[in-house]
Amino acid sequence: MLTLTINGEVHELDVDPATPLLWVIREQLALTGTKFGCGIAQCGACTVHLNGAPVRSCVTPVTVADQQKITTIEGLATNGEWHPLQQAWIDEQVPQCGYCQSGQIMSAAALLANNPNPSDNDIDQAMSGNVCRCGTYGRIRKGIKRAAATLAAGESSEPQDRSAGRGESRHG
């Protein structure tokens with residue numbers, strides 16, 4: 001029996017110890033914000049935090065996460081408010097197809113937790129393991145800088161209408 005604390009909630013799970021953390025998160029716990037991309041830790045779509053550090057959940061055996069603190073994209077928002085990165089992603093219209101964005105945001109959140117005022121080079125280094133097929137890297141950098149400014153100003157993200165932008169195509 002494994003004990004995982006995911007987004008502050010404790011889960012007791014009886015799973016094969018070799019199961020990748022990603023499949024436990026998605027299939028056992030139905031937290032589908034974390035995406036399967038390449039399956040070999042090369043694209044970053046499956047990024048979650050393990051004790052605050054970004055990890056690729058597609059190659060992390062669930063036993064590594066036993067008794068540890070895991071945060072997924074669903075756990076970033078607090079008290080009904082978007083995390084400043086999530087708000088910046090909306091404000092800067094970062095996503096295009098959106099598939100990689102939860103992994104991008106999780107890597108960016110780990111960056112800002114350790115470096116609240118990252119340079120362009122810092123951002124490029126921290127985000128280098130996250131691939132975006134749509135090539136939204138410029139908007140990702142703008143989103144990270146916007147979130148850093150929000151956090152530096154001590155502002156919380158304002159309550160937002162979470163339905164904004166849903167169902168709208170950003171292509172074309």
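In strand β2, E12 is the bridge partner of T3. This is a predicted model, where local features need pLDDT of at least 70, side-chain atom pairs count only at pLDDT 80 or more, and totals for chains, interfaces and linings use all residues. Residues are numbered from 1 along each chain as its sequence is written, and side-chain values use heavy atoms, with hydrogens and water left out.

**The hairpin**
- Strands β1 (residues 2–6) and β2 (residues 9–13) run antiparallel and are joined by five bridges.
- Strands are DSSP runs of E with at least two residues; helices are runs of H or I with at least four; both are numbered from the N terminus.
- Two strands pair if DSSP finds at least two bridges between them.
- Two residues lie between the strands of this hairpin, and N7 takes a positive phi near 55°.

**Helix α3**
- Helix α3 covers residues 101–114, and its 14 residues should span 20 Å at 1.5 Å a residue.
- The expected span is 1.5 Å times one less than the number of residues.
- The end C-alpha atoms of α3 are 20 Å apart, which agrees.
- Of the 14 residues of α3, 12 are buried, so the helix is largely enclosed by the rest of the structure.
- Buried means under 20% relative accessible area, exposed means over 50%, and partly exposed is in between (1.4 Å probe, protein chains only).
- The buried residues of α3 include Q101, I105, M106 and L112.
- The buried residues of α3 pack against β3 (47–50), β4 (53–56), β5 (69–71), α2 (84–91), α4 (120–127) and α5 (137–152).

**Q104, inside α3**
- Q104 sits in helix α3 and is buried, with a relative accessible area of 1%.
- Beyond its neighbours within four places in sequence, Q104 is in contact with W89, M127, N130, V131, C132 and I140.
- Contact means heavy atoms within 4.5 Å.

**Helix α2**
- Six of the eight residues of α2 are buried, so α2 is largely enclosed by the rest of the structure.
- These buried residues are P84, L85, Q86, Q87, A88 and W89.
- The buried residues of α2 pack against α3 and α5.
- Just after α2, Q93 takes a positive phi of about 50°.

**W23, in α1**
- W23 lies in helix α1 (residues 21–28).
- W23 is partly exposed, with a relative accessible area of 30%.
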